[in-house]
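Some labels used for a fold rest on cut-offs.

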Amino acid sequence: MDSLFSDGSVRPDLLKKHSRTRWAALPDGVIPLTAADPDFQVAVEIREAIMEVGREGTFSYGESHGNLGFREVIAKTVRSRKRIPCKPEDVMVTSGVAQAMMLVAKFALEPGDEAILFDPVDFLFGKAVDEAGGKRVYSRVDKESRRFDVDGLNELVTPRTRLLCICNPHNPLGRVLTEAELRGMAEVVVDNDLVIMSDEIWSDIVYRGKRHVSTASLGPEVAERTVSLYGFSKTFAMAGLSLGYAVATDPEVMEGIKRAAPGYFYTVNSVSQAAGEAAYSKAWYWADAFLKHLHDLRGYVCDRLSEMEGVRCHEPEGTYAVFPDISSFGMTSVEMTRYLLEEAKVAVVPGHGAGFSYFGLGGEGNIRLVFSTSKGLVSEALDRIEKALSKLS
Ligand SMILES: Cc1ncc(COP(=O)(O)O)c(C=O)c1O
């Protein structure tokens with residue numbers, strides 16, 4: 001099983017061809033630790049499922065919100081792994097979680113309504129709120145303690161507040177929210193009659209000693225206001241297949257999300273659905289081995305970064321991203337990102353940027369590195385970063 005994630009299993013020749021936002025987008029020789037998109041080939045069972053659909057060669061329209069067989073497999077998985085009492089009709093299959101986020105925002109927000117987001121957080125949340133014409137209201141997360149200001153949430157609620165956006169496990173801080181934190185957030189939501197967008201795309205990437213609690217598993221009163229989002233990009237390395245789904249156990253909420261979908265939103269392509277079904281029914285062994293590989297790498301990455309003069313790094317409890325603080329170098333996140341690209345030939349993501357901000361204002365002073373690749377590549381990237389940073393002190 002180890003060979004699935006060995007140094008030799010990362011194939012730059014294939015990645016240069018297929019990894020269009022990272023490997024193919026950067027000059028030869030650059031190690032891309034940017035988008036959270038594993039460098040490994042998917043489980044053989046997923047490939048076989050795709051080839052089987054190809055051999056049959058029939059590509060008719062599917063069911064508009066996901067094929068029943070696939071939704072049955074999803075519902076069973078959500079019941080057992082996420083502890084949400086989910087039925088096939090509570091599932092809407094989408095072309096990735098990013099798309100589902102837009103639908104939830106459109107469902108929950110009228111133009112001018114407010115959504116509470118944590119800062120820093122993945123840019124997709126802000127983008128979803130903007131698309132719906134909503135107003136972003138930020139709750140700042142203290143990056144040192146990585147504690148969420150649950151008590152302060154009430155002060156952010158106004159008569160226009162409609163939505164609370166939760167990212168759990170959190171990208172980019174790597175926190176797995178505790179049940180107490182989630183219950184605190186849920187209380188604010190129930191008291192003020194809000195909707196929760198609970199993006200749990202990272203919930204299969206949780207390290208030993210931590211337990212992911214799904215927001216919708218907290219009880220019926222919370223579940224009826226929660227839309228849970230899950231995907232296949234992070235757990236099964238299927239980002240290019242654009243596949244995800246939303247779970248809403250309240251029929252009115254599910255209807256509302258479906259209504260929020262634009263007219264051109266028909267069906268999700270049948271090849272991706274076949275791949276997703278194979279992943280959930282046959283490829284958990286692959287995901288488990290992937291998690292073990294990541295667990296071994298996580299300590300190594302954080303130890304190496306923490307040993308570098310001027311860098312402060314927290315170990316993620318979940319996700320395969322680290323978000324080290326580089327503010328001591330007197331450079332902005334963007335300047336450091338440019339410096340590492342030129343000097344170390346390693347591509348990372350700036351925590352914040354003047355034009356486009358990946359993680360919001362709260363990300364300034366940090367960079368994000370993704371380690372879902374081989375130990376060999378990660379160690380080479382860290383050697384190069386160490387050398388480049390040593391030139392600055
Ligand atoms: C928190 C979060 N949500 C959503 C996405 C996008 O997911 P998908 O590839 O399913 O659209 C990402 C990808 O990085 C993410 O980190």
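The questions below take up the labels in turn.

Q: What kind of model is this, and how are its residues numbered?
A: This is a predicted model, in which local features need pLDDT of at least 70, side-chain atom pairs count only at pLDDT 80 or more, and totals for chains, interfaces and linings use all residues. Residues are numbered from 1 along each chain as its sequence is written.

Q: Why does R338 count as partly exposed?
A: R338 has 13 C-beta neighbours inside 10 Å, and therefore counts as partly exposed. R338 belongs to helix 13 (residues 333–344).

Q: What makes the buried residues of helix 10 line one face?
A: The buried residues in helix 10 (residues 251–260) are V253, M254 and I257. Seen down the helix axis, they fall within an arc of 100 degrees, so they line one face of helix 10. The arc is that of the directions from the helix axis to the C-beta atoms. On the other side, P251, E252, E255 and R259 are exposed.

Q: What covers the buried residues of helix 10?
A: The cover includes strand 2 (91–94), helix 4 (97–108), strand 7 (226–231) and strand 8 (244–247); contact means that two C-beta atoms, placed from the backbone, lie within 7 Å. Helix 10 lies across strand 2, strand 7 and strand 8, at about 25 degrees to strand 2. Axes are lines fitted to C-alpha atoms, for helices over the stretch in contact, and angles run from 0 to 180 degrees between N-to-C directions.

Q: How do you know that strand 2 and strand 8 pair?
A: Two strands pair if DSSP finds at least two bridges between them. Strand 2 and strand 8 are joined by 4 bridges and run antiparallel, with V247 in strand 8 as the bridge partner of V91. Strand 7 and strand 8 also pair in the antiparallel sense, over 4 bridges, and L229 stands opposite A246 there.

Q: Why are strand 2 and strand 4 (135–140) placed at the edges?
A: The open sheet has 7 strands in the order 2-8-7-6-5-3-4, with mixed pairing. Strand 2 and strand 4 each have a single partner strand, so one side of each is left without a neighbour in the sheet. Parallel pairing is found between strand 6 (residues 195–199) and strand 7, over 4 bridges.

Q: What makes both faces of strand 8 covered?
A: G244 and A246 on one side are buried, as are Y245 and V247 on the other. In a regular strand the side chains alternate between the two faces of the sheet.

Q: How many residues surround the ligand?
A: There are 14, the closest being G96, V97, A98, G231 and S233; a residue is near a molecule if its C-beta atom, placed from the backbone, lies within 6 Å of it.

Technical notes
Buried ≥ 20, exposed ≤ 12 C-beta atoms within 10 Å, placed from the backbone. Helix = DSSP H or I, 4+ residues; strand = E, 2+ residues; numbered from the N terminus.
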